[in-house]
Amino acid sequence: MIQTLYHVKEYKEDLIYPAICKAMETLGIAGDMRPDLKVVIKPNLIMAKSPDFPVTTHPLVIKAVVRWLKAQGVKNIVLAESSGGLYNGEHMKNIYQACGMRQLEPDITLNMDFSARTVNCKNGFANHSFHIITPILEADYIINICKLKTHAMTGYSGGIKNLFGVIPGLEKPQLHYRWPDIHDFSRMLLELAQTVSPQLTIIDAVNAMEGNGPTGGTSYPLHLILAARDFYTQDYFAAKLMGLNPMAVEMIRLAVEKGLAQPDKIELIGDTLPENLPPFQTPDAIKLDFSSSLPGFLQRPFALIAGRLFKSYPQLEKEKCIGCGKCAESCPAHIIKIENGKAKFKKKKCISCFCCQEMCPMKAISVKKAF
Ligand code: SF4
Ligand code: SF4
């Protein structure tokens, strides 16, 4: 598996474009291109946030990829994403505007088709099908461009997790509700990833996020662009680079177990690997999980017990709450109400998915440990 890594000091077109060109050449992507291809770029536009914050894929990374595609003669390039919250014209126009995507037009079409279709999931253990946004299904070639972040529920967010954004709007919280356990949720993510199967995944880690990701964390300027065809192994590589234990990230552990990720086959090409990086701060919500150091047959029972003992709950910082209701809209368990202009939680039925924290624009939701 070829993993490319290039140093990019800051978000400047003349620094990013050469890195993208080198990655494309190393991975042989030009050989895949034809002028009549419909190429769909799947960014991370989780919420309406300026690119100055490390929440969404930076527009200049996408711009560099589009410029490279144009140079190959590709004309039909579409940007498709279903962010957190609703999936409709009004919401997505706001997202495109806030996240700096408008500057990419007219070289790229910002998707305004909000239909979705059901497709069979060939590798499904329980997900026999997925409901996926139409432009992804109509793509000849998918380029997954994610942001490198820590994540309150999954621990890590990179290539695999970014593909959750092909599920339309508020159907995402429904999947959280259907699979509240991290093991099942991670299996679902892997099945979805195998269904979408992007041909190339680029990780924007020029300015990554540590702490309470995927939206409430802080900047970690890693100054890197990573790219690979094999996004499963790339996630293993990137998690390790962050100082995380990849085998403690359930979706990566499962990818290794299923032979999708092959960490012993990584061939690193490009710039030198940064040394002595301080490890990324993990989210407050992340469970203390020592199970990966136990024998395989003990890991699952231990994780279940530890999961209950160390369960985390959302906690409102009342003074920051503006009563916008975005948390209530995205709560799969429907246990948040807005009363007297403030969010109110019924914690008993909380499944600790932290969709509420993810969608809160005011960082008004913190994490409380049960124990
Ligand atoms: S907690 Fe956040 S998302 Fe929920 S109502 Fe308050 S400000 Fe809005
Ligand atoms: S309150 Fe927050 S963490 Fe609990 S189920 Fe709802 S969205 Fe998930």
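Tutor: A residue counts as buried when its relative accessible area is under 20%, and as exposed when that area is over 50%, with partly exposed in between. Please keep in mind that this is a predicted model.

Student: Why is Y220 called buried?

Tutor: The relative accessibility of Y220 is 9%, and because the limit for buried is under 20%, Y220 counts as buried.

Student: How do you know which class F280 belongs to?

Tutor: F280 has a relative accessible area of 4%, which is again under 20%, and therefore F280 is buried.

Student: What does one look at when two aromatic rings are compared?

Tutor: A pair of aromatic rings is described by how far apart the centres are and by the angle of the planes.

Student: Why is the pair of Y87 and F114 given its name?

Tutor: The ring centres of Y87 and F114 are 4.9 Å apart, within the 6.5 Å that a pair needs, and the planes stand at 90°, which is over the 60 degrees required for edge-to-face, so the pair is edge-to-face.

Student: What makes this pair one that ties together separate parts of the chain?

Tutor: Y87 lies in the loop between β3 (76-79) and α3 (89-98), whereas F114 lies in the loop between β4 (109-110) and β5 (116-120), so the pair joins parts that are 27 residues apart in sequence.

Student: Why do Y87 and F114 fall into their accessibility classes?

Tutor: Y87, with a relative accessible area of 12%, is buried, because that value is under 20%. F114 has a relative accessible area of 24%, which lies between the limits of 20% and 50%, and F114 is therefore partly exposed.

Student: How do you know what kind of pair Y220 and F280 form?

Tutor: The centres of the rings of Y220 and F280 are 3.9 Å apart and the planes are at 10°; since planes under 30 degrees apart count as stacked, the pair is stacked. This pair also links distant parts of the chain, with Y220 in strand β10 (residues 218-220) and F280 in the loop between β12 (267-270) and α10 (296-309), 60 residues apart.

Student: Which class does P279 belong to, and why?

Tutor: P279 lies in the loop between β12 and α10. The relative accessible area of P279 is 53%, which is over 50%, so P279 is exposed.

Student: Why is K346 placed in its class?

Tutor: K346, in the loop between β15 (342-345) and α12 (355-359), has a relative accessible area of 59%, and because the limit for exposed is over 50%, K346 is exposed.

Student: What makes β2 and β3 a pair of strands?

Tutor: Strand β2 (residues 38-42) and β3 are joined over 4 bridges in the parallel sense, and because at least two bridges are needed, they count as paired. Across this pairing, I41 stands opposite L79 in β3. Between the two strands the chain passes through helix α2 (residues 59-71), and this β-α-β crossover is right-handed.

Student: How do you know that β3 pairs with β4 as well?

Tutor: β3 and β4, which run parallel, are joined by 2 bridges, and because at least two are required, these strands also pair. The bridge partner of L79 in β4 is L110.

Note on methods. Residues numbered from 1 in each chain as written. Chains lettered and ligands numbered in written order. Predicted model: local features only at pLDDT ≥ 70, side-chain atom pairs only at ≥ 80, totals over all residues. Heavy atoms only, no water. Phe/Tyr/Trp six-rings, centres within 6.5 Å; stacked < 30°, edge-to-face > 60°. Buried < 20%, exposed > 50% of the residue type's maximum accessible area, 1.4 Å probe, protein only. Right-handed = clockwise from strand over helix to strand, strands pointing away.
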